[in-house]
Amino acid sequence: MNTSPDLYKELMGDMTALVSPLFDRSKEQLRQKGSFLPHAAVLTGSAEVQHISPDNDFESTDPAEIRAHLCQKLRAMDGKDILAAGIAEKVTEPIETETAINAIKVLFEHQRGLCVAVCLPFAKRPVIGGYWFRDIVSLLAKPEIRMWEGLLLEPPVDAPANAVE
């Protein structure tokens, strides 16, 4: 996993292109239903975002099972034509504080090794209704989707040009 600040800055456009539609879909479901189940998307080499749904025969409504199913489905895809993958889910956990808060969390993984949890904290407005969204928080994360394991798409950034294995 490459965590260099330069790589983060370089891939910010890809991150925004994938994370924004996942946040938008999550917000829409949150406003309509008061919650949402995990969902996924990929960013293709032609800069298209393709949403990924569970298989038709997958019947679970358990968020953990849906998330695991989506990870398996993403791993089964051909990663050569995909730049990045992401899974959105509702979490309640401490994010840069000691107090647990609700957030839309997108686990963003890029084929170049960057893995980031992008969190959009939110709260329900008790009097006027709807939701209030706070500032986005990005944290380095461990890869969980791992679409590109075993598929060397480019040499690691830190590897010498003449490295031999």
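Student: Among contacts in the chain between residues at least 6 apart in sequence, what percentage join residues at least 24 apart?

Tutor: Happy to start there! This is a predicted model, and in its chain 58% of those contacts link residues at least 24 apart.

Student: Which elements does the chain contain, and in what order do they run?

Tutor: From the N terminus on, the order is α-α-β-β-α-β-β-β-β-β. That comes to three helices and seven strands.

Student: Let's take helix α3. How many residues does α3 have, and what span should they give?

Tutor: Helix α3 covers residues 63–75, which is 13 residues. At 1.5 Å a residue they should span 18 Å, and the end C-alpha atoms are 18 Å apart, so the two values agree.

Student: What caps the N-terminal end of α3?

Tutor: Aspartate 62 does, with a side-chain oxygen 3.2 Å from the backbone nitrogen of alanine 64.

Student: Which residues of α3 are buried, and what do they pack against?

Tutor: Ile66, Arg67, His69, Leu70, Cys71 and Leu74 are the buried ones. Their packing partners are the strands β1 (39–44), β2 (49–52), β3 (82–94) and β4 (100–110).

Student: Now the pockets. What shows where empty space is left?

Tutor: Rolling a probe the size of a water molecule over the atoms does. Here, the second largest pocket holds about 160 Å³ of space. Its lining includes Arg25, Phe36, His39, Pro54 and Ile66, and Ile66 is also one of the buried residues of α3.

Student: Which helix gives the largest share of that lining?

Tutor: Helix α2 (residues 12–33), with three residues.

Notes. Residues are numbered from 1 along each chain as its sequence is written. This is a predicted model: local features need pLDDT of at least 70, side-chain atom pairs count only at pLDDT 80 or more; totals for chains, interfaces and linings use all residues. Side-chain values use heavy atoms; hydrogens and water are left out. Helices (H or I, at least four residues) and strands (E, at least two) are DSSP runs, numbered from the N terminus. Contact means heavy atoms within 4.5 Å. The expected span of a helix is 1.5 Å times one less than its number of residues. Buried means under 20% relative accessible area, exposed over 50%, partly exposed in between (1.4 Å probe, protein chains only). A polar contact is a pair of N or O atoms within 3.5 Å; within protein, one must be able to donate a hydrogen and the other to accept it, and residues adjacent in sequence count only if both atoms are side-chain atoms. On a 1 Å grid over the protein atoms alone, a cavity is a set of points where a 1.4 Å probe fits but cannot get out, and a pocket is an open set with protein on both sides within 12 Å along at least five of seven lines; lining residues have an atom within 4 Å of a point. Grid points are joined across faces, edges and corners, and a volume is the space filled by probe spheres set on the points.
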